[in-house]
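Please open the model in your viewer and keep the sequence panel beside it.

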Amino acid sequence: IRRPPRSTPSNSSAASDVYKRQIRYNEFMKKAAACMNRNIPLYIIGTGFEPVNFDGCVPGKRFYDQGEVRRDVLTKVIHYAKYVGVRGPQSRDMLVDLTRRADIEVCGDFAFLLRGEPDFKFRERHPKDKIVLNFGKTWGYLYGNSEKDAFDSYRLLVRELSKDFEVIVVPFWFDDIEVSKELCLGLDRVRVLSRIPDDDFLIEILNDAFMVVGFKLHSLVIPACLGICFVPIAYRPKTVDFLKSIGYDDESIIKLSDKGFVRKVLDVVERHKDSVYYEGRSLDLKTRSHKFYTRLDATLHKVINER
């Protein structure tokens, strides 16, 4: 989607991350071009789209204002595709604005297919002694534009939560393991996983937790699939995109850069100690997950049948 970089980026983490994303998007365009050139049907399902610049974040200029995205090429790809379904309303609105294709749908994050149809039976055992927390590296790509502030906020969160809960810190990416260990140095009632859990182990950990205080996108998506309550924290726009897809609004989403961030998170955790409130939120998550599971499943069957 982006123009290839004119020169090798500097060694700064932000510049390197932009370069990685350029490679990733250029690889996508190569595959899309191959489909178009050979007249192979193209379906775009469950993807996300977000601005490069937001909230003072510096990895790149605002993409469609500054021409970093080849709008003409992107438009050809999007209009060639037989179906375009995206993660959330933000992705849809941005792609519609860029390409003028009006029938782009919000089909949900692909992870909604993780475990099949959600189980609507409420957990008879309602654990209240453990919280799963996620943290990780962002390479400067986050609300507030300060990894140090994010680290300090989450260390304070871990310290406060560990007064009432056993805190299990679960990394979702290999790059996040060491910073997760650093986050919890010297703190009691805190356990950090030293490896990335596979799906079954992750689901076991989540099912044994009271709720999730996430950071990375899929530390929120996967609990939502299981109907396990979480704090609606957004560390960058794609997280807002997902949260809005399952019914959260701007007032209920807690951005990493919000004033009083730690207090807001702790207030949400406290509110969920009411079992009636918790069960209502869990049922709502399962209902919304079921909607996206059904939509994604139907879309994939349609693709298979058309082939």
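A residue is called buried when its relative accessible area is under 20%, exposed when that area is over 50%, and partly exposed in between, with a 1.4 Å probe and protein chains only. This is a predicted model, in which local features need pLDDT of at least 70 and side-chain atom pairs count only at pLDDT 80 or more, while totals for chains, interfaces and linings use all residues. Residues are numbered from 1 along each chain as its sequence is written, and side-chain values use heavy atoms, with hydrogens and water left out.

**The whole protein**

Begin with the whole protein, coloured by pLDDT, which is the predictor's confidence in each residue, from 0 to 100. The mean pLDDT is 84, and 81% of the residues reach 70 or more. Residues 1-16 have a pLDDT below 50, and beyond near neighbours in sequence this stretch has 29 contacts in the model, a contact being heavy atoms within 4.5 Å. Residues 59-67 also have a pLDDT below 50, with 27 contacts beyond near neighbours in sequence.

Switching to a cartoon view shows 11 helices and 10 strands; these are DSSP runs numbered from the N terminus, with helices (H or I) of at least four residues and strands (E) of at least two. Of the 307 residues in the protein, 50% are buried. Among contacts between residues at least 6 apart in sequence, 68% join residues at least 24 apart.

**The cores**

Which residues have the most contacts inside the largest nonpolar core? Select Leu133, Tyr154 and Val213, which hold that place in a core of 74 residues. A nonpolar core here is a set of buried Ala, Val, Leu, Ile, Met, Phe, Trp, Tyr and Cys residues joined through side-chain atoms within 4.5 Å. If you centre the view on Val213 and set aside residues up to four places away in sequence, the residues that Val213 touches include Ile131, Leu133, Tyr154, Leu161, Val231 and Val269. Apart from this core lies another, of 16 residues, among them Ala32, Ile78, Met94 and Leu95. In soluble globular proteins, nonpolar side chains tend to be buried together.

Now select helix 3, residues 71-80, where the buried residues are Leu74, Val77 and Ile78. Looking down the axis of helix 3, you will find these buried residues within an arc of 95 degrees, so they line one face of the helix; the arc is that of the directions from the helix axis to the C-beta atoms. An α-helix has 3.6 residues a turn, so residues three or four places apart point the same way.

In helix 9, residues 237-245, select Thr239, which counts as buried at 0% relative accessibility. Leaving aside neighbours within four places in sequence, Thr239 is in contact with Leu217, Leu220, Ile233 and Ala234.

Move on to the loop between helix 10 (261-271) and helix 11, where Asp274 is found. Asp274 is partly exposed, with a relative accessible area of 43%, and the side chain of Asp274 reaches the backbone nitrogen of Tyr277 at 3.1 Å. Within helix 11, residues 275-306, select Ser289, which is buried with a relative accessible area of 2%. The side chain of Ser289 reaches the backbone oxygen of Leu285 at 2.8 Å.

Next, go to Arg100 in the loop between helix 4 (89-99) and strand 3 (105-106). Arg100 has a phi near 60 degrees, a positive value in a residue other than glycine, and counts as exposed at 61% relative accessibility. Arg189, in the loop between helix 6 (177-183) and strand 6 (190-192), has a positive phi of about 60 degrees although it is not a glycine, and counts as partly exposed at 43% relative accessibility.

Finally, select Cys107, which is buried with a relative accessible area of 0%, and Cys184, which counts as buried at 7%. How many disulfides are there, taking a disulfide as a pair of cysteine sulfur atoms within 2.5 Å? By this rule the count comes to zero.

Terms used:
A polar contact is a pair of N or O atoms within 3.5 Å; within protein, one must be able to donate a hydrogen and the other to accept it, and residues adjacent in sequence count only if both atoms are side-chain atoms. A disulfide is a pair of cysteine sulfur atoms within 2.5 Å.
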